Amino acid sequence: MLLEIPDVLTPDEVRGMREALEAADWLDGKVTAGAQSAKAKRNQQLSETHPLAEQFGQRILQALASNAVFMSAALPQRIYPPLFNRYAEGHDFGFHVDNAIRPINGTRERVRTDLSATLFLADPDSYEGGELVIRGSFGTHAVKLPAGAMLLYPGTSIHRVEPVTRGVRVASFFWVQSLVREDARREMLLDMDMAIQRLTQTGGDGEALIQLTGVYHNLLRQWADL
């Protein structure tokens with residue numbers, strides 16, 4: 001499943017975050033890369049303990065908690081605290097796959113990376129290059145979204161960030177451990193949930209709607225990993 005979620009943050013929220021992040025101290029992005037990824041990673045990253053990372057990360061998590069599409073698509077059990085990266089001219093990140101398990105800094109908690117997420121914070125017209133290229137069972141897609149929009153995709157996907165040739169690409173990225181491990185099952189549940197919502201809004205047959213809702217929850221009950 002490759003899902004674009006628009007308007008996760010408002011334009012004012014994005015503007016405020018970007019202005020604050022422009023004045024922040026950035027580290028070499030290799031600080032969170034594995035042995036293989038470090039060879040392909042050329043970018044900058046905000047420290048996980050930086051006050052802005054914690055403040056803006058919490059705001060993103062609040063926004064996601066009230067985003068019906070994200071909640072339905074991801075079925076989140078645990079979310080890795082959002083991180084922030086910066087790609088200036090000449091920066092890129094070659095093809096790689098995310099680590100399957102991510103320990104949360106300063107805790108004993110770990111997150112299984114069922115889903116990866118990139119929340120774009122820079123206006124696409126403000127930089128050239130920097131597309132997120134994802135390769136999976138759904139083919140190969142190059143994605144560059146408006147500021148405030150987010151891409152959700154399987155953590156199993158091989159992906160890269162194209163070289164930035166002008167301007168600066170700023171984004172938040174994180175991982176989601178879902179209640180349902182398998183991407184195909186999550187996609188099926190999302191389709192069913194969207195159908196239930198449409199039928200509810202259009203006044204579909206009540207008895208059939210109850211049956212469909214029952215099937216959804218019985219599948220979730222069977223597939224959920226608690």
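Q: What makes F95, V97 and I158 a nonpolar patch on the surface?
A: In this predicted model, the three have about 210 Å² of accessible area together (Shrake-Rupley method, 1.4 Å probe, with only the protein chains shown counting as cover for residues). Patch members need over 30% relative accessible area and no salt bridge, and nonpolar side chains (Val, Leu, Ile, Met, Phe, Trp, Tyr) are joined within 5 Å, like charges within 9 Å. A salt bridge, for its part, is a Lys or Arg side-chain nitrogen within 4 Å of an Asp or Glu carboxyl oxygen.

Q: Why is V97 called partly exposed?
A: Buried means under 20% relative accessible area, exposed means over 50%, and partly exposed is in between (1.4 Å probe, protein chains only). V97 comes out at 41%, so partly exposed is the label. You'll find V97 in the loop between β7 (92-96) and β8 (101-103); strands are DSSP runs of E, at least two residues, and helices are runs of H or I, at least four, numbered from the N terminus.

Q: Why is D7 called exposed?
A: Its relative accessible area is 64%, so D7 counts as exposed. D7 sits in the loop between β1 and α1, and its phi is near 55°, a positive value in a residue other than glycine.

Q: What about L75: buried or exposed?
A: Buried, because its relative accessible area is 9%. L75 belongs to the loop between α4 and β5 (76-79) and, although not a glycine, has a positive phi of about 45°.

Q: Which residues does L21 touch, leaving aside neighbours within four places in sequence?
A: W26, L46, L52, F56, F84, L121 and V170 are in contact with L21 (heavy atoms within 4.5 Å).

Q: How do you know that helix α5 has a span close to the expected one?
A: The expected span is 1.5 Å times one less than the number of residues. With 19 residues (183-201), α5 reaches 27 Å from first to last C-alpha, close to the 27 Å expected.

Q: How are the residues numbered and the values limited?
A: Numbering starts from 1 along each chain as its sequence is written. Local features need pLDDT of at least 70 and side-chain atom pairs 80 or more, while totals for chains, interfaces and linings use all residues, and side-chain values use heavy atoms, leaving out hydrogens and water.
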